[in-house]
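Please walk through the structure below, beginning with a single side chain and moving on to cores and helix pairs.

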Amino acid sequence: MKAEQQYIDLFTQYEGMINQHSAEVMNHFRRQAFEDFCRLGFPTRKQERYKYTDMAKLFLPDYGLNLNRLDIPVNPYEVFKCDVPNMSTALYFVVNDAFYSKALPTGHLPEGVLLGSLREMAEQRPELVARYYGKLAGTSKDAIVALNTMLAQDGLLLYVPKGVVLEKPIQLVNILRADVDFMANRRVLIVLEEKAQAKLLVCDHAMDRVNFLTTQVVEVFAGAGSTFDWYELEETHNATVRCSNLFVRQESDSNVLLNGMTLHNGITRNTTEVILTGRGAEVNLLGMAIEDKQQRVDNHTFIDHAVPDCTSNELFKYVLDDSAVGAFAGKVLVREGAQHTSSRQTNRNLCATREARMYTQPQLEIYADDVKCSHGATVGQLNEDALFYMRQRGIPQKEARLLLMFAFVNEVIDEIRLEALKNRLHHLVEKRFRGELNKCQGCAMCK
Amino acid sequence: MRNNNKSGMSAEAREMDGRQTAKRKMEEEPNRLIKQIAQEKYKYGFTTDVHTEVIERGLNEEVVRLISAKKREPEWLLEFRLKAFRHWQTMEMPAWAHLTIPEIDYQAISYYADPTAKKKGPKSMDEVDPELIKTFDKLGIPLEERMALSGVAVDAVMDSISVKTTFKETLMEKGIIFCSISEAVREHPDLVKTYLGSVVPFCDNFFAALNSAVFSDGSFVYIPKGVRCPMELSTYFRINAANTGQFERTLIVADDDSYVSYLEGCTAPMRDENQLHAAIVEIVVHDRAEVKYSTVQNWYPGDVEGKGGVYNFVTKRGHCRGVDSKLSWTQVETGSAITWKYPSCILGGDNSQAEFYSVAVTNNYQQADTGTKMIHIGKNTRSTIISKGISAGKSQNSYRGLVRVAEKADNARNYSQCDSLLLGSHCGAHTFPYMDVRNETAIVEHEATTSKISEDQLFYCNQRGIPTEDAIGLIVNGYAKEVLNKLPMEFAVEAQKLLTVSLEGSVG
């Protein structure tokens, strides 16, 4: 059986049920998404975009879905203890793909800010959600986005009105919880109006030792002059497959920071597409992956400089051990007329063993002449001279290696604009390198 | 063509004269010079009126058999061609390159054109059609004895036939074989049979399959053990006949401890239709041998409107089979309407080295997708890639490269640098590097920048009385110097001039 068939059958059979347990705004896109999915089929490795990850294979196993929206018995507060000391955040949970509204943090969000279940919001404020939903994540080109649009029933909405500044970072914990092999399709919609500011920290956790497959489509609209930080920390386990598609559209003078960190995972495919549509917009796109065993991380990024005077900085770092496989494909497109673009793209990778593999593909496509664009990529090992220097000064070989590895990834961590999170990550990364972080930190299972 | 009428003057004098007239004109009307240069940019655009035997257009098994028969080839080569042809029929034209290639009707092309058909193969200089000699004289190719002093052995290929190879006897004394590939098939069948298709198999890609089926002439070089080739070997390719394709095949074998430097140049007449050129170059480098391969590619690029021009779809690959072997590619790409070309190296032998130096210039509506592949298989292998792209007008210029380090390639080292220079706001410069690393001891680096000529640099030159056009020429030559320095002397001069000419009138 071809991998697509079970999803086609599922949708044909249960379309009614899927629609019934979702909102009208989201249902509106389903049919088209279904048709696109049937037409496209899962991407193969022959397609440039998915050269390094065989998607069909990942979607082939039989996963359970919660189409009927049954409540999954879990009290996230019991199983999860926020593990970022000294950071005061507003903590929210998403269990699989549903917003957990039973225990919300005390303290009110500023006037007009909406945060909650996408499905509920879509029912309460259909005009608002309809204005943004599905506008960035087109289904006609990418089968994974189409699949998500076809099946996603819920997720999260964050709406920050004009001029409102969220002082407190919002922490969102995605908990994967199931008794059988499970597939979750999550949808996130983030809208920042003019001059709004928000910081969002998203942590992915897997609570059960079953196979998980998640698809996630995130759409971010950053209005003129807005500031938005998106930190994503994946700490799942080796039997998790994650396919994330993050779409960002930035208006003039907006400033967006996207940081995806993979500390523990199974197979991860992150696609990030940023379009800069207003002058003076700036995007900082960062990523880090620490992998060992059979883990795989495939980051695919695309930055579209559609107008002049925009800035993009991209930095991705990978540390690969055992038989881990890392892939990075980044493309920067500077359209005709997008003068005074400044773009920098860097990808640096450390391979620790013979079996570890790294594929990197930093690409530039430039149609304007008055631009400053550069990219660089390296694959290599730790500097022998630096190691020797440290050993000379009495630092044992093992310790010296660790120190250099921290230094290597710290460049990404240092870009984090949340002091407490930065410190916490230093600690987590150190534990990870020392092999003490076997599973996600902070969940009850490893305590 | 103005230049050709003043054939009595030396090239330098002509140029000096041209410059002075130009300067005077510049004072009168600044735009006229630019227009004028733009119009006569491609000075090799003439055609030669010789009797040429062209076979019927179209491609089928009969044509493949006919070409083979015309060249009086042995059975095994015909088999090779037919296998390639049958495979080609199953293939589709590749679409992955960053190029817009108009539909090519492979049945509308003639696959064999012989300008020497009047006589049965030239035996000495006197027997060659004087028109042909004149053609190569116009191109500045030293076929005559009087050019002996320049010390370059030349194999001149027009359309499908090798016209004349010079210095053959001198080289033969050292055991070096330098002749057309058809001759090699007849006289050194064992060598050709051993190496032909061993680096680029007929099934390698669409154009390689096509070439393997219908390849006509090209050069064959064999350098025996321990011999250092005393002179530069050079092949000059020219397409003359209309509606024909050129499918040459070059095979270079450097045996243990040998050295050879090989140059390749090419031009074509100005024609409104596009012409197809699909060549294969195979190089085999044995233990401790070194091969240096330089190309100045100047096929007709089409006019300012993007009409006409040569489609240049070339597969070039070298195999460093032996230990401590070395292969160096240097290319200056200024011509062709569309270029699809990736001179590659397979670093099989331990401690082998490869280099790739490239300058690719595109102007008007030209498109180039060029770069290299470095496949590291042996231990302690090293490769360097320096690529400089210059785009002007409405052209698109892409670098595409692959660096692969296999599991066993301990201590492989690669450094790649590819810079792009944009002249004008309607052109594009793109970089598509791929790095696949499967060995932890490897160090692979890639760097790329894109920029334009800065106002500061131009202002500095202007201040010192250097006109903008000249200043751009200077800056571009400086930018490409790293690569031009790698070219043999004669070529470096030609390449430098070409660079300036190709870009003249492109900056406003």
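Arg348(A) counts as partly exposed because its relative accessibility is 32% (buried is under 20% relative accessible area, exposed over 50%, and partly exposed in between, with a 1.4 Å probe and protein chains only). Arg348(A) belongs to strand β17 of chain A, residues 342-351 (strands are DSSP runs of E of at least two residues, and helices runs of H or I of at least four, numbered from the N terminus). Phe316(A) is 32 residues away along the chain, yet the two C-alpha atoms are separated by 6.5 Å. With neighbours within four places in sequence set aside, Arg348(A) is in contact with Phe316(A), Lys317(A), Tyr318(A), Thr378(A) and Phe408(A), where contact means heavy atoms within 4.5 Å.

The model is predicted: local features need pLDDT of at least 70 and side-chain atom pairs count only at pLDDT 80 or more, whereas totals for chains, interfaces and linings use all residues. Residues are numbered from 1 along each chain as its sequence is written, chains are lettered from A and ligands numbered from 1 in the order in which they are written, and side-chain values use heavy atoms, with hydrogens and water left out.

Next come the nonpolar cores, each a set of buried Ala, Val, Leu, Ile, Met, Phe, Trp, Tyr and Cys residues joined through side-chain atoms within 4.5 Å. In soluble globular proteins, nonpolar side chains tend to be buried together. The largest core has 88 residues, and those touching the most other members are Leu158(A), Val160(A), Ile190(A), Phe228(A), Trp230(A), Leu258(A) and Ile283(B). Beyond four places in sequence, the contacts of Trp230(A) include Ile190(A), Leu200(A), Val202(A), Gln216(A) and Leu258(A). A second, separate core holds 54 residues, among them Leu77(B), Phe80(B), Cys179(B) and Phe206(B).

Two helix pairs remain. In chain A, the axes of α10 (residues 397-413) and α11 (residues 419-433) come within 10 Å and cross at roughly 145° (axes are lines fitted to C-alpha atoms, for helices over the stretch in contact, and angles run from 0 to 180 degrees between N-to-C directions). On the α10(A) side, the contact includes Leu402(A), Met405(A) and Phe406(A); α11(A) supplies residues including Lys422(A), Leu425(A) and Glu430(A).

In chain B, the axes of α11 (residues 455-463) and α12 (residues 468-484) come within 9 Å and cross at roughly 125°. These helices are therefore oblique to each other (under 35 degrees is roughly parallel, over 145 roughly antiparallel, 65 to 115 roughly perpendicular, and the rest oblique). Gln457(B), Leu458(B), Cys461(B) and Asn462(B) of α11(B) meet Thr468(B), Ala471(B), Ile472(B) and Ile475(B) of α12(B).
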